[in-house]
Structures are given as structure tokens and as C-alpha cells.
Amino acid sequence: MNPWTMKKKEYDFAEGLKEILHKIEEYYPTFGAGQKSLIKKAFEYGKMCHEGQWRESGEPYFSHAVEATKILLSIQPDIETIIACLLHDVLEDTPVTAGELEGQFGSKIRFLCEGVEKISKVHLKKNESTARAESIQKLFIAVAQDIRVVFVKLADRIHNLETLEFVAENKRERIAQESLQIYAPVADKLGLFEFKTRISDLCFKHLSPKAYNDLEKEISKLRKQKIGFLERARKEIIKAFQKEGLDIVEIGGRQKNLASVYNKMKRKNYSSVLDVYDLFGLRIIVKTKEDCYRSLGILHTYWKPMPNRFKDYISVPKPNGYQSLHTTLLGVSGSKFPTEIQIRTQQMNQDAEFGPAAHWAYKKTRHSHFDEDYLRRTNWFPQSISQEISQTPDKFFEEISQTILADRIYVFTPKGDVETFPVHSTPVDFAYSVHSDIGNTCVGARVNGTIKPLDYELQNGDIVEILTREGRTPNPAWLEFVKSSHARSHIRAFLNKEKTEKPSPSETKVKKTTPRTRSVSPLQSLNKTGRTTMIIGGERDIPYKLASCCTPRAGQNVVAYKSRGPHFTIHKADCKQLNRLDPERFLEAYFITENKFEIRAFDRIGLTRDFSTIIADQGLNIGELNSHYEYKEEKRIIVWNFSLESVSQNEIDKLVKELKTVRNVFSVKQLT
Ligand code: MN
């Protein structure tokens with residue numbers, strides 16, 4: 001919308017702030033002057049940053065953050081989450097930098113606001129599969145890193161959905177669809193039932209406006225007829241409970257939300273809303289779990305329960321932790337329609353509406369903590385969480401985020417599919433997950449559009465594309481950094497196959513087992529030890545020169561770039577110039593160094609076999625090999641001199657260590 005022609009509206013900021021402070025005071029008994037002034041500071045800061053910006057509705061932009069915060073307050077969040085919500089769009093939509101934000105409000109607020117900015121980039125494309133939607137739900141949590149970021153983002157999205165009619169029509173459907181497939185299930189999995197209901201209803205309204213309006217009209221007509229009945233039923237039940245001597249904390253009417261009614265009618269093929277027996281019902285809140293079952297006993301004595309309608313979600317909670325007893329009674333207050341009744345404790349009721357937030361410490365005392373029982377029931381949360389952790393919000397939220405993700409990271413394929421890997425995984429792990437052929441022939445990776453080395457550590461949300469080259473084979477050095485067992489076993493299998501197809505090294509004779517060996521010359525000595533060879537795209541004899549911008553050396557991670565001339569230019573993998581270059585023209589490259597070794601051992605049968613096995617198991621090839629005997633105090637000593645090509649000193653150190661463990665070996669030396 002053109003900001004000059006838009007009809008601007010007034011917004012009462014003073015009233016908004018007052019309302020926020022008032023709501024916090026209601027649930028936060030220790031809300032002190034310091035915290036209050038912090039909220040005020042964040043409010044004024046946010047207002048100042050968004051000054052001169054407008055929503056498509058014509059309201060000042062900051063009104064959106066205020067309204068989102070009001071929505072967020074219904075789940076009774078902590079002070080940091082509230083501040084993050086007030087400032088959630090500052091980084092994305094104003095010139096304020098993360099550093100400035102940290103200077104004003106500290107590193108925690110910066111972290112939360114950056115989290116909101118990051119997850120705002122997680123989107124769902126049209127017509128996605130359910131499986132992918134589920135992965136994205138997890139990706140959402142992964143990118144957020146802290147569950148509180150998700151709380152803020154949900155509140156933000158609810159307000160955006162509430163004002164969606166001001167957004168261009170083509171965008172509207174995409175936002176609603178995405179909210180339905182990502183935001184509503186995330187809210188559900190976190191047990192934020194109230195948020196889930198609001199999101200589902202708003203999406204229903206935008207995606208099927210006619211069905212929504214028709215249903216709403218029909219239900220409000222019915223509601224008028226039902227009000228009298230529900231009030232009579234309520235009184236009858238109270239009377240029965242009084243007679244039996246059981247205290248009711250609260251009893252009231254409830255209405256099923258529109259999206260659920262609509263989905264149920266579609267699922268069960270109902271033609272009339274009257275078929276939805278639980279459209280209206282009553283909810284009874286009692287003190288204890290035992291009281292829930294006693295209540296059920298009373299109801300089933302006074303009224304006839306409908307067969308097969310009883311559900312015990314107390315002993316078998318729903319996956320999101322929801323607990324309640326549900327039963328459907330016939331003939332309540334003379335009604336010919338069945339009446340659905342939910343029975344639960346106060347705690348269960350809070351859980352159902354606010355999820356983990358309902359368990360937060362500040363509501364009780366300084367020493368209270370999350371209800372472990374609740375966490376155990378909710379399968380997105382840790383199976384067991386220690387008292388210590390549950391007492392500090394930072395650790396708690398970190399812990400639950402990590403447990404939801406269970407040490408996995410989520411990355412995208414170029415097509416937008418989500419793949420999941422162990423943390424610290426690399427493009428090689430990714431390549432093997434696509435296909436073993438892709439893994440075996442991979443030479444490089446483009447991550448978020450830029451070339452990264454094959455040992456780059458994948459981050460949540462990365463878009464990963466693998467570059468392959470026909471004829472390329474796995475590099476033994478990959479075994480040093482791959483994380484998935486899938487990739488590891490494929491690399492090993494390939495290397496073993498290659499090994500058995502080659503003649504094994506025999507002693508006493510000079511033998512080359514790597515006939516392709518050819519060192520690139522002229523090559524000044526790049527490494528003090530041994531001759532160095534450059535491998536580009538798996539080949540040895542490719543002309544190249546070293547880039548002058550980053551002067552790469554042996555042992556460093558490098559990439560090859562096909563320059564305009566006849567040769568490749570070798571850059572360090574982290575060279576800043578790389579981002580300016582055409583990503584299509586990169587090839588994987590690495591230095592290999594020929595190193596010479598000497599092993600001394602008291603001779604015994606099987607010694608040669610033992611040590612060549614160790615070398616082969618590391619995926620290394622023996623180049624030259626000579627051996628001779630020496631005698632010491634009448635004992636025969638065998639001395640081997642051999643050369644090997646390796647990628648890193650790390651690899652060599654590992655090998656030397658292994659060789660030293662062979663029985664009778666008393667010296668292993670690296671000569672060059
Ligand atoms: Mn926003």
C-alpha cells in the first residue's frame with residue numbers, strides 16, 4: 001500500500017502500555033519497579049525505532065508489537081520474552097543493529113530478537129506434503145534455539161492473521177496456509193492449545209471465508225437456543241455433586257471452536273452441525289485427580305452415559321500432554337441431545353490452555369519449578385529433567401529445545417526438502433544421504449549459494465547443494481569429519497573394495513601401488529616435510545597456481561577455481577574472495593603430501609601383515625617400501641622404510657600412534 005495515500009489511523013500507545021503492565025501484575029506477583037521500568041524502556045524504544053512506519057491497516061507500525069505482546073501475555077511469559085516481543089521487529093524492519101540492541105537491553109534480548117528474525121525466514125511453499133510440514137515444524141524450533149522465540153513468533157503470527165484482511169490477496173492465502181501447516185501444529189505440540197485454536201480459526205476464516213461465515217451464523221443461532229439448556233444442566237449437576245458431597249471448583253459451558261467443528265463435519269461426512277454432539281458442552285474443574293474419577297462416577301450414576309464416548313486422557317494423555325476425562329451423557333435436563341462433559345483439575349486446565357508456560361516458576365515462589373510429571377507426559381519434552389535445570393528458565397528452555405531436536409540439525413535441499421542430520425554433519429554426510437553415487441563423486445558444496453569446503457559444519461536452515469564430478473572417488477580424509485554412520489559405512493565400503501582390487505604391497509621390493517602418482521612441478525616446497533601434490537577434482541596432473549590473495553599452504557583446506565586462463569587457481573576455503581566468484585566454476589581440491597617413515601621392530605611372524613593392515617585400514621596407500629635386517633644382542637630387528645601420501649598431519653599422527661601399538665614394534669619415526 002502506498003504510504004502517502006494510505007488512510008492513517010490513531011493508536012493509543014499510553015493505553016496499550018497500561019494494559020500490558022496491568023496484565024503482567026495480574027499473574028506475576030514479584031513484578032517489581034526495576035522490571036516495570038525495563039518494560040517501559042523497551043516500549044518507548046520500540047515505539048521510537050518504528051516511528052514513521054505504518055502497517056497496511058493504516059495504524060502506526062509499533063501498534064503491531066503492542067498487540068502481539070497482549071496476545072503473548074495470555075500464556076503468562078517471563079519478562080525477557082515480553083521485552084523480546086515488544087522489540088521483535090526492530091532488527092528486521094528498522095536500521096537498529098543487533099549490537100545496538102544488546103547495548104540497550106543485554107545479550108539475552110538480542111539473542112531472542114535475532115531468533116525471531118531467523119525463524120521469520122522459515123517458510124512453507126505451496127502444497128507441501130505432511131511429512132515435510134512436520135520437518136519444518138522441527139526446523140522452526142531448531143532455528144529458534146530457544147522455545148521463547150517460538151512463543152513470540154506465535155503471538156506475532158496471530159496478530160498478523162487477525163489483521164490479514166489488509167494484506168494483498170495473493171499473499172493472504174500463502175500466509176494462512178503456512179500458519180495452518182506450521183504454526184498451528186507447533187502450538188499444539190508445545191501444548192499451547194489456546195494459540196492453536198486461535199490460529200486454526202483465523203486460517204479457516206481466511207482460507208474458506210464462505211464456509212466460515214455460514215458455520216458461524218448457524219452456530220450462533222444454535223448457541224442462543226442452547227444457553228438456557230446449559231444453565232439448567234449446570235445447576236442440575238451442581239445439585240447432584242452437593243448431594244454426594246464433592247466440591248466443584250468451577251463449572252461452565254464451553255463451545256467447540258469453529259475450525260474443529262468444520263474439520264469434524266468434513267471428516268465424518270456430517271451434513272448438519274447438529275450432528276456434532278460435542279459442539280456445546282460443560283467443563284467441570286475439581287481439586288484432585290481422584291475427584292475427577294469420583295465426578296465421573298456421580299455423573300454416570302445420575303445420568304445415562306452414551307456408550308463408546310468415554311475417554312480417559314488422564315491415565316493416557318494426548319501426545320501434547322493434554323489430560324482430561326471426557327464423557328457424553330443422555331437426558332441431562334430432559335434434553336434429547338447428548339451432552340459432552342469434560343472433567344479435569346485446575347492444573348490440567350491450565351496445561352491445556354497454556355502448556356509449559358502454565359508451569360512457570362514466577363507464578364508460585366522463587367523455589368518452584370516446572371512440573372516434572374507434565375514434562376514426562378509431553379513427548380516433545382525431556383523424559384526427565386533435573387530439578388536444578390527446571391529452576392532456571394534459560395537452562396530449562398535450552399534443554400527442552402535441545403530435547404525436541406535430539407542433537408539433530410535440519411537443512412534444506414535446493415528443491416526445498418528438509419533433511420535431518422546429526423549435529424556437526426558436513427556436506428559429505430548430506431551427499432551420501434541423497435545417494436551413494438552422489439557421495440562417492442562429490443567434489444564440493446554450495447551452501448546458501450556460496451562454495452564451502454566439504455568439511456564445512458552444516459547449520460540449521462542451510463540450503464545445501466552438492467557438486468559432483470564423474471570419476472571422482474571418496475577421499476579417505478573424509479572419514480575424519482563425517483558424522484553420519486550412513487556416510488561413514490559407504491566411504492569405508494568403497495575404500496575397502498578399491499583396496500582388494502589392487503595388489504597388496506610386498507616387502508623387500510620397491511613397489512608402487514599408486515601408479516597415478518605424479519607430483520606437480522614446478523612446485524616449490526610448500527611443506528617442509530615431504531613432497532606435496534595438488535589434487536583437483538580427484539585428478540593429479542591439472543595445472544594450477546596459488547592465489548595471491550590468500551596464499552594457501554599444504555595442510556590447509558582449499559578449493560580450486562577455474563579461472564579464464566589454462567589453469568586453476570587454488571584458494572583457501574575460507575578466502576573472502578570466493579564469494580565474488582562464479583560458484584559454478586569451483587572444484588574440490590586438496591594437498592597431499594608424500595611422507596617417509598621408518599619402523600623398527602623385533603622380527604616375528606605376521607608382523608608385516610599387521611602393519612600393512614593398519615595402514616590400509618586408514619585408507620592410505622603405501623608408495624615405496626624397502627626393508628632390511630639389523631641385529632642387536634642376537635635379536636633380529638626388521639627395519640622398514642616406506643612412503644605414504646596423506647592429506648593432513650592429523651592423519652599421520654593417528655597412523656603413527658596406531659603403528660606403535662603393534663606387538664614387537666619399538667620405534668616409529670616420521671622422516672619427512
Ligand atoms: Mn511482527
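Start with helix H1 (residues 13-27) and helix H3 (residues 62-72), which pack at an angle of about 20° with their axes 10 Å apart. Axes here are lines fitted to C-alpha atoms, for helices over the stretch in contact, and angles run from 0 to 180 degrees between N-to-C directions. Helices (H or I, at least four residues) and strands (E, at least two) are DSSP runs, numbered from the N terminus. That angle makes H1 roughly parallel to H3; the label covers angles under 35 degrees, while over 145 is roughly antiparallel, 65 to 115 roughly perpendicular and the rest oblique. H1 passes H3 in a left-handed crossing, meaning the near helix is turned anticlockwise from the far one by less than a right angle (clockwise would be right-handed).

This is a predicted model, where local features need pLDDT of at least 70 and side-chain atom pairs count only at pLDDT 80 or more, while totals for chains, interfaces and linings use all residues. Residues are numbered from 1 along each chain as its sequence is written, and side-chain values use heavy atoms, with hydrogens and water left out.

Next, helix H6 (residues 98-105) and helix H7 (residues 107-119): their axes come within 7 Å and cross at roughly 140°. That makes H6 oblique to H7, and the crossing is right-handed. On the H6 side, the contact (heavy atoms within 4.5 Å) is made by Ala98, Gly99, Leu101, Glu102 and Phe105, and on the H7 side by Ser107, Ile109, Arg110, Cys113 and Glu114.

Further along, the axes of helix H12 (residues 209-244) and helix H14 (residues 289-302) come within 10 Å and cross at roughly 115°. That makes H12 roughly perpendicular to H14. H12 passes H14 in a right-handed crossing. Ile237, Ala240, Phe241, Lys243 and Glu244 in H12 meet Arg294, Ser295, Ile298, Leu299 and Tyr302 in H14.

The largest pocket has a volume of about 1300 Å³. A pocket is an open set of points on a 1 Å grid over the protein atoms alone, where a 1.4 Å probe fits, with protein on both sides within 12 Å along at least five of seven lines; lining residues have an atom within 4 Å of a point. Grid points are joined across faces, edges and corners, and the volume is the space filled by probe spheres set on the points. The lining takes in 39 residues, with Phe193, Lys196, Lys256, Asn257 and Ser260 nearest the centre. Among the elements that each supply at least two lining residues are helix H10 (169-189), helix H11 (193-207) and strand E1 (250-255).
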